[in-house]
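Visitor: I have a model open here. Can you walk me through the fold and a few details?

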Amino acid sequence: MSSIVDALYELKYNPFEYGPYLASFYTHLDESENNLLLAQLVIPLCSHPIYSNKLFNSNKRSSVWSIFDDRTKLYDLQERIDGFQALTEQCIQYCLINDWLSVNEKRLSLAQCDGVDSTFTSQKCAEKLGRLFIGHSVVEIYALLGVKPR
């Protein structure tokens, strides 16, 4: 029975499905030092039943403070980060293989590849999350969300 559950989980949460989320996120995020640490927030927040809807419906006036205003709804975020860690790593590899993202080892950051046409389906929720994080440091974002990077 558990093999059926595992197979269904892998069908829903796989790098082919969530790779475009990471690519969309980093396409709309300014390259900053240590932004690689933000990758582990993308899938847990964009697949969260409450925050995916809030992110999708956000507008230009929205900020991280208005979207993540109720910390009680973030009670399971650390567990989601830990649970999606392997998937996040697979998605990063998938994006690197497809030349959607590139790594800057010195700055520990990911960025959109230069001169490559994006062939992934843009994910609005992840794009808006990337825009919300612009102008905030990695430490500030993690402190706001009340989670620790892994």
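Guide: One term to begin with: contact means heavy atoms within 4.5 Å. This is a predicted model, where local features need pLDDT of at least 70, side-chain atom pairs count only at pLDDT 80 or more, and totals for chains, interfaces and linings use all residues. Residues are numbered from 1 along each chain as its sequence is written, and side-chain values use heavy atoms, with hydrogens and water left out.

Visitor: OK. How many helices and strands does the protein have?

Guide: Nine helices and two strands, where helices (H or I, at least four residues) and strands (E, at least two) are DSSP runs numbered from the N terminus. The order along the sequence is α-α-α-α-α-α-α-β-β-α-α.

Visitor: What covers the buried residues of α2?

Guide: The cover includes α1 (2-12), α3, α7 (85-97), β1 (101-104), β2 (109-112) and α8 (124-133). Buried means under 20% relative accessible area, exposed over 50%, and partly exposed in between, with a 1.4 Å probe and protein chains only.

Visitor: And how many residues of α2 are buried?

Guide: Ten of its 13. Among them are P15, Y18, G19, P20 and Y21.

Visitor: What span should α2 have, and what does the model give?

Guide: Helix α2 covers residues 15-27 and should span 18 Å at 1.5 Å a residue; its end C-alpha atoms are 17 Å apart, which agrees. The expected span is 1.5 Å times one less than the number of residues.

Visitor: Switching to P44. Is P44 buried or exposed?

Guide: P44 counts as buried because its relative accessibility is 0%. P44 sits in helix α3, residues 39-46.

Visitor: Which residues does P44 touch?

Guide: Leaving out residues up to four places away in sequence, P44 touches L77, R80, I81 and F84. F84 is 40 residues from P44 along the chain, and their C-alpha atoms are 6.8 Å apart.

Visitor: Now the whole protein. What radius of gyration does it have?

Guide: The protein has 15 Å, which agrees with the value near 15 Å for a compact globule of 150 residues. The radius is taken over C-alpha atoms, and the globule rule is 2.2 Å times the number of residues to the power 0.38. The C-alpha trace spans about 45 × 40 × 30 Å along its principal axes.

Visitor: How much of the protein is buried?

Guide: Of its 150 residues, 44% count as buried. Among contacts between residues at least 6 apart in sequence, 74% join residues at least 24 apart.
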